[in-house]
Amino acid sequence: MGSKTVETLPEATVLFAGDSGDGMQLTGTQFTLATAYAMNDLATLPDFPAEIRAPVGTRYGVSGFQLHFGSVDIRTPGDDVDLLIAMNPAALVVNLDRVRPGGTILVNSNSFEAKDLNLANLDSNPLEDGSLDKYRVIQVELTRLTRETLKDSDLNQKQIDRSKNMFALGLSLWLYSRPVEPAEQWIRSKFAKKPEIRDANLELLKKGYHFGETTEMFVTRYEVTPATLPPGRYRAVQGVQAMAMGFVAAADKSGIPITYGSYPITPASDILHALSRYKNHGIMTIQAEDEIAAIGMAIGASFGGCLGITGTSGPGVALKGEAMGLAHITELPLVIVNVQRGGPSTGLPTKTEQSDLMQAYYGRNGDAPMPIIAASTPGDCFEVAYEACRIAVKYMTPVVLLSDGYLANGSEPWLIPDPDSLADFEVQYATEPNVEVDGEKVFHGYVRDPQTLARPWAKPGTPGLEHRIGGLEKKDGTGNVSYDAHNHELMIRLRAEKVKRVQQDMAPLEIFGDEDAELLIVGWGSTRGAIEAGVTRARNAGLKVASVHLRWVCPLPADLGKVLSGFSKFLVPELNNGQLVRILRDEFLLPFEAMNKIQGRPFGPSEIARKIEDMLG
Amino acid sequence: MSENDANKPQGRKPTLPPGAAKPTLPPGAGKKPTLPPGAGKAPTLPPGMKKPGGPAMPPGMPPAGPGGDGAPSRADFASDQDVRWCPGCGDYAILATVQRLMPELGVPRENVVFISGIGCSSRFPYYMNTYGMHSIHGRAPTIATGIKTSRPDLDVWMITGDGDSLSIGGNHIIHIMRRNVDLQIIMFNNQIYGLTKGQYSPTSEVGKITKSTPFGSIDHPFNPIALVLGADASFAARTMDRDPKHMKEILRQAHDFNGTGFVEVYQNCNIFNDGAFFSFTEKATKSDKAIFFEHGQPLVYADGKKGLRLNGFHLEAIDLEGGNWGVDDCLVYDETSLELATILARVYWHDELPQPFGVFYRQARPTYDEQVGRQVQAVIERSGKGSLADLLAEGDTWVVG
Ligand code: SF4
């Protein structure tokens, strides 16, 4: 262990940054795995450029992976970076504002030549011009050390240089006292068929680790003790994986096959990738020719008695709007996933945002409301996916599921759920005629369940229940085409009332923090961690504040009015230009104050805490 | 529809067109069309119809079919809904033909699904007493693909028009063709937008004067058969509303075909594009202007007086009576040849050659739905039925507490 002092930290935030080709996502993922083995709580935020292979060394080609871990409850990927590992000048300047004053910056000093500075649009060398004075800078000759380590290997120069991230990984594992075994195991299985690459990587990982011990650059090494998580079996899970598993759980518990129609789009494609592997779990996937086809196929499947799901991001939802209206008027179960990203138009495809709430609420012709459920953490994507399916079938309605880029790509430790603990998911298809007309038993497709107002789901293939549905207005009861003025109004109201009745299935709202506070923060979606961590900080600083988080955004929970009545000041933080805040003002006529961040990045707890101080100060 | 349905008073029965009420006569079988071809302005009637505007029976109560012994009849496939197409519209003949064909196919009614898009033709599912969905403009192929792929046990029919499938739904029509989903597509081609009251369509001839093109349309028209062949259709055929016998036979073949059976039906829109196909469909010119070809048969028309022979890559009309040419010189059609299909499909509104009707192309290849099912089966055989608990606990896990 050498003669280093070991300092114990409650939590730490590390950011790996470099070129897209530097393997930063991989380095971050392996560091995360080691951190999970060290039993810390954690949250991650990958951040990649929109270009697949952006020019080397440029600012817009920078790819990053941020990880926040601790022995305490970790709710966000961290807003202040303690350690930035920058592989080149571009990665340094792009991420500098995220490092806390006094934080550590580890750079590959071999990549600060004139040409590198030039590519990063820098006039002077930040290592020399004093711009890094408020940080602790550690210069490591990563390129040279890597070349030296591998001087006897058969790899060519390019392959050798590309492996320097393994040296960096080894060094950072040492710095935070993480185990190296998980990374070693991964390298062995990943490169089983390429022994020269496997050995080179293993060697570099080890050298990086030992370098920490032997070099004089580090006097202190850190450790973060295990977190006190609720007991049980855990795994690290990304939002996309959790969501895909939520759909598998829905297929499993309901017994109905799922058809997932999707068209490739960032960042939703990973759901398609995950589900396409689950063919033996009752999931069928179709990569459609476009967004409209993807939802059309899902609607077709639902008409056939399977559960149709379609997944996309904002621009894709814009294309699906008309078909969503069809699902609404035909009253078929359907789940539409929107993994939100920066908009409008193509916007910031690889960055996170919450700017499609209005689109989910109002983005269709005619009055066509549908329930909207929003995930709040990567692990929560599992439960929300399951719940969206359950409600879609129970109420015979399309349901919008909102996730976002941060949730989809971010990961956290996840207490593996017991399948038996999931809510009941029973499906009842219509089996016989449901009304008598002139002494004859016939089937009417729009006779409603008195409790849920759901219409019957009659599967093609069932004799005697032949019926036609479609986008023209339906006669109440029979479901025949009707242009009757009063029937139209009745049907619009009935469909809206049905959506409202989803309130019956919502768990009571929980207030986080001081119930007797003046100020209540109302949030939805992926901001939950930042809001609750911010509330905790403010309370630790002696302020009284509470927050409530909405899982169902439409309809708003029945008990929300009562919760709001206990407070006098309201703050609504959102990663958009003010969307939920308008819906709340419209519904409750209370003084909701908006707090908006539109930078393609999540809130940090300190931003929330500062705002609370401002409002209460 | 010639006018927006919404404007129609509720409950009023539309005037019934002849074709709907008494469609039992075999088409063209010795019956003279009541109107001379090309009789410009006069309202047109489907062949076999004698008195205009006098429906003998309300729609939805067609004459009982050959059943009577419990076997399904034509009536079993007619829904109780009023048929609302304009009187005299070619759509009636297509509906009647399909309703007459259904009992003969032996598919239980509850297993039949009709999916349509938007347009006059797409009202079709409402009139069939089967499962059905009238969906959104151009998207029927997507819904049909979804239901057939997830429920391959169902017999799926798709109803569309030239605007619905070749304009707004152009992308989906080419993709359903390449996928080869096992279903039937009946494309009603009337070369006009009917439901929106008469704009030119993607199959309208250049120079078409319509409400949206007062100085004539400029767009080059699609040739639907050539288009679907270009999209790797496995079955492509053309028929016409005024020859229900031929239509029924073609639809039967499309149904019996394992794959996407694409059938283009020339359909007269007597309100906005009356007589568009009269030169092919009416007796005076039909034999000269249309050729009904069959697999394995020589290309002969004009009551055996003329034929088509292959001259290089081109078809050439030959006179079989002048002594220079005989039937043996005519091309014997092979519907499995993509080359011949391509050549024949390009005989399109040709000045000297007759318009072809029949099955242009038929290629046996695996269907999309069957391959998807097979892939699922293969995964289950290899990995077993998936366990949810195992999936949730997959990968690196650790225990706390
Ligand atoms: S196609 Fe023409 S004739 Fe037929 S219903 Fe439509 S508008 Fe009327």
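The exercises below, each with a worked solution, concern a predicted model.

Residues are numbered from 1 along each chain as its sequence is written, and chains are lettered from A in the order in which they are written. In this predicted model, local features need pLDDT of at least 70 and side-chain atom pairs count only at pLDDT 80 or more, whereas totals for chains use all residues; side-chain values use heavy atoms, without hydrogens and water.

**Exercise 1.** Determine how helix 4 and helix 8 of chain A pack.

*Solution.* 
- Step 1. Two packed helices are described by the angle between their axes and the distance between the axes.
- Step 2. Helices are DSSP runs (H or I, at least four residues) and strands are runs of E (at least two), numbered from the N terminus. Axes are lines fitted to C-alpha atoms, for helices over the stretch in contact, with angles from 0 to 180 degrees between N-to-C directions.
- Step 3. Helix 4 (residues 142–149) and helix 8 (residues 195–214) of chain A pack at about 125 degrees, and their axes are 10 Å apart. Helix 4 of chain A is therefore oblique to helix 8 of chain A. Angles under 35 degrees count as roughly parallel, over 145 as roughly antiparallel, 65 to 115 as roughly perpendicular and the rest as oblique.
- Step 4. Contact means heavy atoms within 4.5 Å. From helix 4 of chain A, Leu145(A), Thr146(A) and Thr149(A) meet Glu203(A), Leu204(A), Lys207(A) and Phe211(A) of helix 8.

**Exercise 2.** Describe chain B and the packing of its helix 10.

*Solution.* 
- Step 1. Chain B has 12 helices and 14 strands.
- Step 2. Of its 401 residues, 56% count as buried.
- Step 3. In helix 10 (residues 338–345) of chain B, the buried residues are Leu340(B), Ala341(B), Ile343(B), Leu344(B) and Ala345(B).
- Step 4. These buried residues pack against helix 6 (224–230), strand 11 (306–311), strand 12 (314–319) and strand 13 (355–362) of chain B.

Notes: Buried means under 20% relative accessible area, exposed over 50%, partly exposed in between (1.4 Å probe, protein chains only).
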